[in-house]
Amino acid sequence: MATVLAIVVGCLYAAGIYMMLRRSLFKLILGLVLLSHGANLLIFTVGGLTRGRPPIVPPGATRPPTPSADPLPQALILTAIVIGFAVLAFSLVLFHRGYQTFGSDDPDDLKVSE
Amino acid sequence: MPNVLLVLPLLIPLVTAAVSFLAWRRTSLHRALAAVGAAALLAAGVTLLIYVWNHGTIATQAGEWPAPFGITLVADLFSAIMVVLAGIVGLAVVVFSLTSMDRGREAYGYYPLVHALLLGVCGAFLTGDLFNLYVWFEVMLMASFVLLALGGERAQLHGGIKYVTLNLVSSAVFLAAVGILYGLTGTLNMADLAQRLDGMDHSSAVTAVGMLFLVAFGIKAAVFPLFFWLPASYHTPPGAASALFAGLLTKVGVYALIRVFTLLFVQEAAFTHLLILILSGLTMVTGVLGAVAQQEFRRVLSFHIISQIGYMTMGLGIAGLVDSPALAALALAGSIFYIAHHIIVKTNLFLVSSVTRRLCGTFDLKRQGGLYQSQPLLAVLFLVPALPLSGIPPLSGFFAKLSLVKAGLNAEQYAIAGTALVVGLLTLFSMTKIWAEAFWKPMPTEPVAETELSLLTPLQTRRLLMPIGALAVLTVVIGLGAEFVFTLATSAAEQLLHREGYIQAVMGGGTP
């Protein structure tokens, strides 16, 4: 399972970087989205994959049964998703404003005529 | 007492920003709150520094969860010094903004954003947890994104898009590095990480993660070859905002670099710290050469920020390569001294550039002029930060550079020491260029095109010169009281090198 996810993460990174290198602000945003998803999945994968064993302490015991899934990577990812959502929402607005102001989607056309 | 001291530098800007956001559009309230908040932050920082100086490294656990599980706030001398510097810059910039900021930006939340930025910066300085560091970085970045784009001028959008993109890439790299490090060690508490990394064999994986952190923090700190966002964006926002950026943002990246490469990734120092040293040299050279080609006041200064980041990381590189602890402490102390000097001086230079723009109507050095004749006080206040920037004695920059070069020579790293000296000379050349163009030569005869700018009244000029003068006095004080500052920096460096104290303070269950 880890191998499959490793390949998925690799593909997400490759696609993200490819999109960022295209000459388009919109594709740049898509690239950033893919990159942050890749990072989130990476944390999930390297944190260890355990299926169907929630880390809940049974009645009477003092520690969760081993092996059980590590809840911390999921908490990290959840935080990262929320932050990523806010940051991407802001950059969408910024890029849209840039598109309106400069009248072009091509990063090379962002010239300051002063 | 220590718990309160550690939380106050976060609580003050947070409360200031939150209350201001609630009182939306009440600009006069924003102004008053921002000034009081910044002064309180500085006071809290100074109190923290005095406490840490007397009692050693202090730590507190959020919600009383014991060390590797809860979120740790920790302050050693280095953190405390940085918080004080953030307070100084915050106060100076807010006071400067009270006169210089336009009504539009004030109405759209300029002051709460400044405090949100200070919150992120102080959080990054005080956290003892790597993921928490990521969160504080994002708080700081989010505030800086909005401050950069606030106003929506063409140049701002142009710079903002580059700035946002490269910083988001850096955040993604940072996040991936944090994830892999957690997978390797099972912890993200920095003190706990330091212990576990020491006992691990597969150091090549650890070094690879270290390199990811070098890239992530290198982008934030604008290290060669990752600095392109900085000269593209720093000259676009209003003067006060760019002074805040110039003073603090890249230095948070440098702080993070120094923190992780003294506390965590020290196993393969012969490779990692040599790389940092090489990058430092290249950063110095490219930055200063970039500045030579510029004719715009703030772009010259922006390239000099890059150049001086090289000096700050140079001490870190030397410290990792030498065996003698005294020499390592000297190099790191040089770095810390340089950061302190640079933050104050660079903020001040950006503030001066903002005043010259308001007096001449442009940032273009070719079209500025005659300021020595019309504003002699301003001219002196430009020279006070400009000369130490290039290392002229007896001001602050001389002593910072002296200890770095001395450490380089003693460590037999002659190439970097030589580079540092030559770059200092080129810096002086750039500062002379600004002096000759903006202050010395007569005012150009053709009228300035940007007439929509309201030129300053004498009263406003005096008000703007207040924070500039205060920072200039501080530069002189650091230069004259260099021995005290150097003792402080050396103690901070020794704390960084003797990691047991830090680990003890965090893992030993609160304050020692």
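**View 1. Strands E1 and E2 of chain B form a pair.** Two strands are said to pair if DSSP finds at least two bridges between them, and in this predicted model strand E1 of chain B, residues 58–61, is joined to E2(B) by four bridges in the antiparallel sense. One of the residues to look for is B:Ala59, whose bridge partner in E2(B) is B:Val74.

**View 2. Strand E2 of chain B is covered on both of its faces.** In a regular strand the side chains alternate between the two faces of the sheet. Strand E2 of chain B runs over residues 72–75, with B:Thr72 and B:Val74 on one side and B:Leu73 and B:Ala75 on the other, and all of these residues are buried. B:Val74, which is among the buried residues of this strand, is also the bridge partner of B:Ala59.

**View 3. Chain B is shown as a whole.** Chain B holds 21 helices and two strands. Its radius of gyration is 22 Å, close to the 24 Å that the globule rule gives for 512 residues, so chain B is as compact as a globular protein of that length. Along the principal axes, the C-alpha trace of chain B spans about 70 × 55 × 40 Å, and buried residues account for 63% of the 512 residues in the chain. Of the contacts in chain B between residues at least 6 apart in sequence, 80% join residues that are at least 24 apart.

**View 4. Chain B touches chain A through a contact to which both chains contribute residues.** Chain B gives 24 residues to this contact and chain A gives 26 residues. On the side of chain B that touches chain A, the elements giving two or more residues are helix H6 (130–149) and H7 of chain B, and H7(B) gives the most, with 17 residues. By class, the residues on this side of chain B divide into 16 nonpolar, six polar and two charged.

**View 5. Helix H2 of chain A and helix H7 of chain B come within 8 Å of each other, as judged by their axes.** The axes of H2(A), residues 25–46, and H7(B), residues 154–185, cross at roughly 10°, and because angles under 35 degrees count as roughly parallel, these two helices are roughly parallel to each other. Residues making the contact include A:Leu28, A:Leu32, A:Leu35 and A:Ser36 of H2(A), together with B:Thr165, B:Leu168, B:Val169 and B:Ala172 of H7(B). Counted by class, the contact of H2(A) with H7(B) has 14 nonpolar, four polar and no charged residues.

Terms used
Residues are numbered from 1 along each chain as its sequence is written. Chains are lettered from A and ligands numbered from 1 in the order in which they are written. A residue is buried if 20 or more other C-beta atoms lie within 10 Å of its own, exposed if 12 or fewer, and partly exposed in between; C-beta atoms are placed from the backbone. Axes are lines fitted to C-alpha atoms, for helices over the stretch in contact, and angles run from 0 to 180 degrees between N-to-C directions. Angles under 35 degrees count as roughly parallel, over 145 as roughly antiparallel, 65 to 115 as roughly perpendicular and the rest as oblique. Two residues are in contact if their C-beta atoms, placed from the backbone, lie within 7 Å. Ala, Val, Leu, Ile, Met, Phe, Trp, Tyr, Cys and Pro count as nonpolar, Asp, Glu, Lys and Arg as charged, and the others, Gly among them, as polar. The radius of gyration is taken over C-alpha atoms; the globule rule is 2.2 Å times the number of residues to the power 0.38.
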